[in-house]
Amino acid sequence: DSTHTQMWEKLNLDLPAHDALLGVLGKFYGDIYLSQENRLRGAEYLDFVLSEVHGLRIKELQDAKAEGRKVVGSFCVFVPEEMTLAADAVHVGLCAGAEAGTNLAEQLVPRNTCALIKSFIGFKMARLCPFTESCDLIVGETTCDGKKKAYEAFNEIAPTYVMEVPQTKTPAARALWRSEIVRYMAELEKVTGRTITAEKLAQGIRTANAKRRALQRLTKLRAASPAPISGRDALLINQISFYDEPVRFTAKINELCDELEARIAAGQGVAPANTPRLMLSGCPMAVPNWKLPYVVESAGAVIVGEESCIGTRNSRDLTDESGTTLEAMIDAIADRYMKIDCACFTPNTERLDNVTSLAKMVKADGVIHYSLLFCQPYSHEALKVDKALAGAGIPMLSIETDYSMEDVEQLKTRIEAFVETL
Ligand code: BJ8
């Protein structure tokens, strides 16, 4: 539509390349999503949001900016959303899940960089992402070496504020992290011109927690047999949680969960009760990275959980709501985020317990560990997760891949073979 085109032009997107991207995305979405049987009524919301992710949602961001609000983009679930909300700013995820722009990205980062990093850099260099172009503040973080160094390069093309995420969970690390939250708060106040009060922060915490609770509810409902929702749709819900307005998202996902409860009560599902149930674990899958779930669910299995940052790692822990002063709330935020079991931490034994207990909770017959090629932290932990799951009698298949479609057939063969052993 022409008003969208004008908006994209104002954002200085490369219009022909962007049109081509939307075309591919639409086709891909049709094949992977709209082709599914027994889909939920609530999936209409998902289809709508996805179809308008570069359209109406970007329009909303522009409207917010016209009202004097700011847009903050991040690449990691360590950037505290409740604080962004407390500054009346919009918080969006900027990770990208497509190969577009990869060749350009290789001018700024080495070839042996993971696809997620190349993708967000490539999208910026190729002028394809209206979210990145709408941002007033882009926040990076010192997690893996790949990202840490990539932000130095990215900063040359898009000013990037970097939060120092510690690498351990010691008291000193927690103190550093708390000070980084305070520094982020000051940066937000500077960029937005707003003052973050205790009242505003309490509201930010409640909004972020309500979203997490809706996602936790979804996670629990997926323990039902037959599986009430496909892994593809559940992944999409988690992906959309990074883009849509949080209050609307929360209401829509709670409605969708009501529908799931009714389905479960009626014994209905997306696949027969004897369908092998798999859980995914590992690296985040950013929009439109739907490759692995599609391959898995085409191989006769159903995905019942995602232990990833675009999954339970982002929704499992709530921020304590009992604090009444700013200081107490900042403590609560620091504590909540220090529970994130990212593979960038050493040691990171809590992840092994969390993977195992989630696999049991969702009644997974097996786990597929997913690492992006060149991702050191998750490739290392694949070996540990395998051992931990074996100890609990849960088989695991380790997969390393990227965003290309070249290995789809090979993946399918391996996953089918794995599913047959379950
Ligand atoms: S808290 S998982 S969102 S850092 S895939 S870029 S780790 S080389 S994404 Fe992450 Fe935050 Fe951790 Fe979560 Fe590096 Fe690996 Fe690439 Fe990765």
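Modeller: Start with Ser-74, whose bridge partner in E3 is Val-139. The model is predicted, so a confidence rule applies: local features need pLDDT of at least 70, side-chain atom pairs count only at pLDDT 80 or more, and totals for chains, interfaces and linings use all residues. Residues are numbered from 1 along each chain as its sequence is written, and side-chain values use heavy atoms, with hydrogens and water left out.

Colleague: Which strand does E3 join, and over how many bridges?

Modeller: The general idea is that strands of a sheet pair through backbone hydrogen bonds, either parallel or antiparallel. Two strands count as paired if DSSP finds at least two bridges between them. Helices (H or I, at least four residues) and strands (E, at least two) are DSSP runs, numbered from the N terminus. Here strand E1 (residues 71-74) and strand E3 (residues 137-141) run parallel and are joined by three bridges.

Colleague: In what order do the strands of that open sheet come?

Modeller: The order is E2-E1-E3-E4, with parallel pairing among the four strands. Strands E2 (90-93) and E4 (160-163) are at the edges, each with a single partner strand, so one side of each has no neighbour in the sheet. From one strand to the next, the twist averages 30°. Angles run from 0 to 180 degrees between N-to-C directions, and axes are lines fitted to C-alpha atoms, for helices over the stretch in contact.

Colleague: Which helix packs on the sheet and touches E1 and E2?

Modeller: Helix H4 (residues 56-66) does, and its direction makes about 145° with that of E2. Contact here means heavy atoms within 4.5 Å. Helix H10 (residues 171-192) lies across E1, E2, E3 and E4 and runs at about 155° to E4.

Colleague: How many bridges pair E5 and E6?

Modeller: Five, in the parallel sense; across that pairing, Ser-281 stands opposite Glu-307 in E6. Strand E5 (residues 277-282) and E7 also pair in parallel over five bridges, and the partner of Gly-282 in E7 is Tyr-370. E7 and strand E8 (residues 396-401) pair in parallel over six bridges, with Ser-371 partnered by Glu-400 in E8.

Colleague: Which residues of E7 lie on one side and which on the other?

Modeller: In a regular strand the side chains alternate between the two faces of the sheet. In E7, Gly-366, Ile-368, Tyr-370 and Leu-372 are on one side and Val-367, His-369 and Ser-371 on the other, and all are buried. That is seven of the seven residues of E7 (residues 366-372).

Colleague: How many of the eight residues of helix H14 are buried?

Modeller: Six, so helix H14 (residues 291-298) is largely enclosed by the rest of the structure. The buried ones are Lys-291, Leu-292, Pro-293, Val-295, Val-296 and Glu-297. Their cover includes helix H12 (231-240), E5, strand E6 (302-307), E7, E8 and helix H18 (408-421). Gly-300 follows H14 and has a positive phi, near 85°.

Colleague: Which residues come nearest to the ligand?

Modeller: A residue is near a molecule if one of its heavy atoms lies within 4 Å of it. Of the 16 residues around the ligand, Cys-114, Cys-144, Cys-309, Cys-342 and Cys-375 come nearest.

Colleague: And what share of the whole chain is buried?

Modeller: Buried residues make up 59% of the 422 residues. The chain has 18 helices and eight strands.

Conventions. Buried < 20%, exposed > 50% of the residue type's maximum accessible area, 1.4 Å probe, protein only.
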